[in-house]
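Work through the exercises below with the sequence and the coordinates at hand. Each task is followed by a solution in steps.

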Amino acid sequence: AVVSTQSTGCLLRRFMLLSIFQHDITSFWMRCPERYMLQPITQTVQLLSLPGPEEDCMKPLHFLSLFDHKALWFRKWLHGCFSRNLVMTAMKKFDQFLK
């Protein structure tokens, strides 16, 4: 399949926005009820655990690592005990993320 430069650029912009969102969302967690935190955490873990269409294709986690290669967003998410419990619960649901 041929991938156009325009579609690749759109995809990279989306992952860049996702990376920015993941960094910034932690500053709002203490002000929000748990149910509002659980959905973005669960959806992010679900997205990152998706397999690629083929074995040698880039997965969502690979695209995200282009913008945050040290996974600083993940460190921020695991920093507080409150958010750590929610992240671990979401990771147990989607164990493909851990493989």
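**Exercise 1.** Find what the side chain of Asp68 reaches at the backbone of Leu72, and describe the setting of Asp68 in this predicted model.

Solution.
- Step 1: A polar atom of the Asp68 side chain lies 3.0 Å from the backbone nitrogen of Leu72. The cut-off for a polar contact is 3.5 Å between N or O atoms.
- Step 2: Asp68 sits in the loop between α3 (60-67) and α4 (72-79).
- Step 3: Asp68 is buried and has no salt bridge. Arg75 is the nearest side chain of opposite charge, at 8.0 Å, whereas a salt bridge requires a distance within 4 Å.
- Step 4: With neighbours within four places in sequence left aside, Asp68 is in contact with Ser19, His23 and Trp73.

**Exercise 2.** Determine whether Ser49 is buried or exposed, then list its partners.

Solution.
- Step 1: Ser49 belongs to the loop between α2 (34-48) and α3.
- Step 2: The relative accessible area of Ser49 is 9%. Buried means under 20%, so Ser49 is classed as buried.
- Step 3: At 3.0 Å, the side chain of Ser49 reaches the backbone oxygen of Gln46.
- Step 4: Apart from neighbours within four places in sequence, the contacts of Ser49 are Phe94, Gln96 and Phe97.

**Exercise 3.** Identify the residues of the nonpolar surface patch and the helix that gives the most to it.

Solution.
- Step 1: The patch consists of Met16, Leu17, Ile20, Met58, Leu66 and Phe67. Together these residues have about 550 Å² of accessible area.
- Step 2: At least two patch residues come from each of α1 (5-24) and α3. The most come from α1, which supplies three.
- Step 3: Take Met16, found in helix α1. Its relative accessible area is 35%. Patch residues need over 30%, and exposed would require over 50%, so Met16 is partly exposed.

**Exercise 4.** Summarise the whole chain: its secondary structure, its dimensions, its burial and its surface.

Solution.
- Step 1: The chain has five helices and zero strands, in the order α-α-α-α-α along the sequence.
- Step 2: Along the principal axes, the C-alpha atoms fill a box of roughly 45 × 25 × 25 Å.
- Step 3: Of the 99 residues, 28% are buried.
- Step 4: Among contacts between residues at least 6 apart in sequence, 68% join residues at least 24 apart.
- Step 5: The accessible surface is about 7100 Å², and carbon and sulfur atoms account for 61% of that surface.

Definitions and conventions: Residues numbered from 1 in each chain as written. Predicted model: local features only at pLDDT ≥ 70, side-chain atom pairs only at ≥ 80, totals over all residues. Heavy atoms only, no water. Helix = DSSP H or I, 4+ residues; strand = E, 2+ residues; numbered from the N terminus. Buried < 20%, exposed > 50% of the residue type's maximum accessible area, 1.4 Å probe, protein only. Lys, Arg positive; Asp, Glu negative; His and termini not counted. Polar contact = N/O pair within 3.5 Å; in protein donor to acceptor, adjacent residues only side chain to side chain. Contact = heavy atoms within 4.5 Å. Patch = residues over 30% accessible without salt bridge, like charges linked within 9 Å, V, L, I, M, F, W, Y side chains within 5 Å. Areas by Shrake-Rupley, 256 points an atom, 1.4 Å probe, with all protein chains shown as cover.
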